[in-house]
Amino acid sequence: MKIRLALMISGLIALTGCGAGKFVGGALAATGVVDERTGKAIGASDNLTNAMKPIGFEEEKSIGGAVALVALSRFGGLDPDQRLQKYVTAVGTAVAQFSDRAAIPYHFAVLGSKEPNAFACPGGYIFVTRGLIDQLNDEAELAGILGHEIAHVSEKHALKLIRKMKMLGGTAEVTAAYLDTNPDAFDKIIDETVKSLFEKGLDKDKELDADRIGVDYAHRVGYDANGLKDFLNRWAAHESDSKTMKNTHPGAKERVGLLTKSIEKMKPATGPRLAERYKTWVKDPPPPG
Amino acid sequence: MKRGPSPLFLLLLLFAFAGTAAAASLYVRANGTELKDKASPGGAVLTKLDIGTKVDVVAKEGSWVKVTVKGKTGYIFGQKLSEDKPDKERFGGAVAATASEGDSALALRGLSPTSEKYAERNKIKPSDIAAVKEMEKRKATADEIDRFLREGKLGEYAQ
């Protein structure tokens with residue numbers, strides 16, 4: 001009888017503790033104090049941790065730095081407009097600070113290519129092309145796109161891909177020393193990562209995840225959550241204009257459909273669009289002097 | 001005949017533990033997160049908190065959360081708090097602690113020797129190597145981001 005009672009009490013404590021924690025998280029999320037994703041994070045983070053065999057940040061940064069070099073060489077180098085570079089860095093840094101991986105430094109740049117696209121390299125190197133910048137109407141759209149790219153880094157999508165390569169090669173662990181002393185292996189990792197990021201694209205599920213999570217990041221900052229969706233809605237009519245965008249991302253219509261469902265859960269989803277600020281920094285000529 | 005605990009006893013127990021668990025804990029999402037004396041952007045900064053710092057929730061007030069942390073009670077903008085503890089990364093603590101000040105040995109180290117050797121082997125143009133280094137050096141400081149958010153009515157300045 002005593003044993004039975006003790007078991008019941010301990011079970012009740014466990015149930016109550018867990019349930020109450022989720023209740024508080026759910027209540028804060030429902031009222032908009034914390035985001036919906038955070039409200040569901042406990043179980044999800046356990047799954048993520050179990051699925052990931054970590055590649056350290058030092059190794060990630062070495063890989064990302066090399067992939068960034070390829071991005072710059074393939075997509076027209078840096079856009080010469082320093083004001084634009086500064087502005088994109090400010091928007092991106094603001095979004096990154098509200099992300100789930102704010103511990104690492106992020107680096108943002110506008111590439112000179114006129115073909116609309118955006119890329120995220122491991123280690124926090126984020127690129128958007130001049131061609132994409134020219135397609136956007138306001139800062140909320142830019143924040144949604146940068147949020148998508150930051151989500152690729154925070155969710156370590158490319159690292160998960162590299163882990164698969166590593167398993168194929170039979171290597172037990174990717175350490176800084178391994179990368180430095182095995183140039184052939186390092187070059188193979190970069191080649192495969194470059195193909196995935198710039199030619200074939202990541203898995204469709206990862207892209208759709210990045211949409212959902214990235215929009216949440218932008219919304220945490222306070223931007224209108226519809227930014228990315230509104231751009232994709234316009235882009236659906238021009239998808240064939242960018243071969244790389246078409247090859248590296250799922251179709252715009254599908255993305256819009258799923259984003260619409262995610263955004264419906266955000267209350268309120270509205271926020272500043274900052275079209276005037278975008279125009280001032282991106283489209284207007286710089287002030288004299 | 002064996003008898004279990006009474007339903008009333010279990011109900012009281014449930015309420016007792018629910019009351020305890022209501023004092024939920026959250027974690028600071030980014031370095032330099034401000035604990036303020038009021039639930040307002042204009043509140044005085046009591047202290048700045050590091051990423052991953054655990055805070056105990058006292059109450060919700062609008063878009064702010066009243067918390068107790070390190071013996072102080074104050075307010076944090078709700079979106080700066082997370083239910084799951086952020087990963088500080090292997091070097092993340094050191095990087096993030098100083099990144100807002102614009103310098104850190106790791107953050108400024110730029111391209112790793114391994115990346116530089118890759119550039120050499122693959123005949124990457126010096127201008128592209130310089131571009132990555134320029135990209136790494138360009139930073140928005142904490143003050144610049146705060147002003148950027150204030151001017152855009154974003155973050156804690158949202159209306």
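Which residue lies over the face of Phe148(B), and at what distance from the ring centre? It is Arg277(A), at 3.7 Å from the ring centre. This is a predicted model. Chain A has 289 residues, and chain B has 159.

**Chain A overall**
- The secondary structure of chain A consists of 15 helices and three strands.
- Buried residues account for 56% of chain A.
- Take the contacts between residues at least 6 apart in sequence: in chain A, 76% of them join residues at least 24 apart.

**Chain B overall**
- Chain B contains six helices and seven strands.
- Read from the N terminus, its elements follow the order α-β-β-β-β-β-β-β-α-α-α-α-α.
- In chain B, 41% of the residues are buried.
- Of the chain B contacts with a separation of 6 or more, 47% are between residues 24 or more positions apart.
- The accessible surface of chain B is about 8500 Å². Here 55% belongs to carbon and sulfur atoms.

**Aromatic pairs within chain A**
- Over all chains, the structure holds 11 aromatic pairs.
- One of them joins Phe75(A) and Phe119(A), with ring centres 4.8 Å apart. Their planes meet at 35°, so this pair is tilted.
- Phe75(A) sits in the loop between helix H4 (57-74) and helix H5 (82-97) of chain A, while Phe119(A) belongs to strand S2 (residues 118-121) of chain A. The pair therefore ties together parts that are 44 residues apart in sequence.
- Phe75(A) is buried, at 9% relative accessible area.
- Phe119(A) is buried too, at 2% relative accessibility.
- Phe119(A) also pairs with Phe198(A): the centres are 4.7 Å apart and the planes stand at 70°, so the pair is edge-to-face.
- Phe198(A) lies in helix H10 (residues 183-200) of chain A and Phe119(A) in strand S2 of chain A, so this pair ties together parts 79 residues apart in sequence.
- Phe198(A) counts as buried, with 2% relative accessibility.

- Tyr87(A), Tyr278(A), Trp281(A) and Phe148(B) form a cluster linked by ring pairs.
- Arg83(A) lies over Trp281(A), at 5.3 Å from the ring centre. Arg277(A) lies over Phe148(B), at 3.7 Å from the ring centre.

**Helix crossing between the chains**
- Packed helices are described by the angle between their axes and the distance between the axes.
- The axes of H5(A) and helix H6 (residues 142-151) of chain B come within 10 Å. They cross at roughly 90°.
- That angle makes H5(A) roughly perpendicular to H6(B).
- On the chain A side, the residues of H5(A) that meet H6(B) are Lys86(A), Tyr87(A), Ala90(A), Val91(A), Thr93(A), Ala94(A) and Gln97(A).
- On the chain B side, H6(B) contributes Glu144(B), Ile145(B), Phe148(B) and Leu149(B).
- Tyr87(A) and Phe148(B) take part in these helix contacts, and Tyr87(A) and Phe148(B) also belong to the ring cluster.

Key:
Residues numbered from 1 in each chain as written. Chains lettered and ligands numbered in written order. Predicted model: local features only at pLDDT ≥ 70, side-chain atom pairs only at ≥ 80, totals over all residues. Heavy atoms only, no water. Helix = DSSP H or I, 4+ residues; strand = E, 2+ residues; numbered from the N terminus. Buried < 20%, exposed > 50% of the residue type's maximum accessible area, 1.4 Å probe, protein only. Contact = heavy atoms within 4.5 Å. Phe/Tyr/Trp six-rings, centres within 6.5 Å; stacked < 30°, edge-to-face > 60°. Lys NZ or Arg CZ within 6 Å of the ring centre and 35° of its normal. Axes fitted to C-alpha atoms, helices over the stretch in contact; angles between N-to-C directions. Parallel < 35°, antiparallel > 145°, perpendicular 65-115°, else oblique. Areas by Shrake-Rupley, 256 points an atom, 1.4 Å probe, with all protein chains shown as cover.
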